[in-house]
Amino acid sequence: MMDYPQVELDFMNHDHAEFVGLREELLAALARQGVPAEVDALLARLLAHTRDHFAEENRLMQEASFPPYPMHKGEHDRVLADMEAHITRWKEGRDAVALANWLEVGLVDWFVGHVSTMDFVTARYIKNAQGKQ
């Protein structure tokens, strides 16, 4: 189970919980040596979920005139590119150990750090901006 903070926007907390759940489904499929098509489908869901979540965050940051928007959006872009690269490597080599390692270490380290810093501050700023409208 991942330990990460809740933030001040409910949709973000909901999306973060869904992200964690998808990651856990992927690890379970890999642990039981699920068929590649099952893992492919779960990876596609994770990527689509992440794209949608980032798009909503980006929209809200722009609406709130969040000063570090370019930095936060840049992190989103970098993570999507990294996720796409891991999915491509999985599809080319079907290396379950490498995929599981990324899901258990690299993705967790990024997610916990991102939620604890960028998302925490961003959610507070957006909530305050929405309260002033």
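Mentor: Let us begin with α3, whose buried residues pack against α1 (10-31), α2 (36-63) and α4 (96-131). The model is predicted, so local features need pLDDT of at least 70 and side-chain atom pairs count only at pLDDT 80 or more, whereas totals for chains, interfaces and linings use all residues. Residues are numbered from 1 along each chain as its sequence is written, and side-chain values use heavy atoms, with hydrogens and water left out.

Trainee: How many helices and how many strands does the protein have?

Mentor: Helices (H or I, at least four residues) and strands (E, at least two) are DSSP runs, numbered from the N terminus. Here there are four helices and zero strands, and the order from the N terminus is α-α-α-α.

Trainee: What span does α3 reach from its first C-alpha to its last?

Mentor: The expected span of a helix is 1.5 Å times one less than its number of residues. Helix α3, residues 69-93, has 25 residues and reaches 36 Å, close to the expected 36 Å. For α2, with 28 residues, the reach is 40 Å, close to the 40 Å expected.

Trainee: Which residues of α3 are buried?

Mentor: A residue is buried under 20% relative accessible area, exposed over 50%, and partly exposed in between (1.4 Å probe, protein chains only). In α3 the buried residues are Tyr69, His72, Glu75, His76, Val79, Leu80, Met83, His86, Ile87 and Trp90. An α-helix has 3.6 residues a turn, so residues three or four places apart point the same way. Across the protein, buried residues make up 43% of the 133 residues.

Trainee: Where is Met2 found, and which residues does Met2 touch?

Mentor: Touching means contact, that is, heavy atoms within 4.5 Å. Met2 is found in the segment before α1 and counts as buried, at 8% relative accessibility. Not counting residues up to four places away in sequence, Met2 touches Val20, Arg23, Val108, Phe111 and Val112. Met2 and Glu24 are 22 residues apart in sequence, and their C-alpha atoms are 9.9 Å apart in space.

Trainee: Is Val108 buried or exposed?

Mentor: Val108 counts as buried because its relative accessibility is 14%. Val108 lies in helix α4 and, with residues up to four places away set aside, touches Met2, Arg23, Trp102 and Leu103. The C-alpha atoms of Val108 and Asp3 are separated by 9.4 Å, although these residues are 105 apart along the chain. For the whole protein, 74% of contacts between residues at least 6 apart in sequence join residues at least 24 apart.

Trainee: What radius of gyration does the protein have?

Mentor: The radius of gyration is taken over C-alpha atoms, and the globule rule is 2.2 Å times the number of residues to the power 0.38. A compact globule of 133 residues would have a value near 14 Å; the protein has 16 Å, which agrees. Along the principal axes, the C-alpha atoms fill a box of roughly 50 × 25 × 20 Å.
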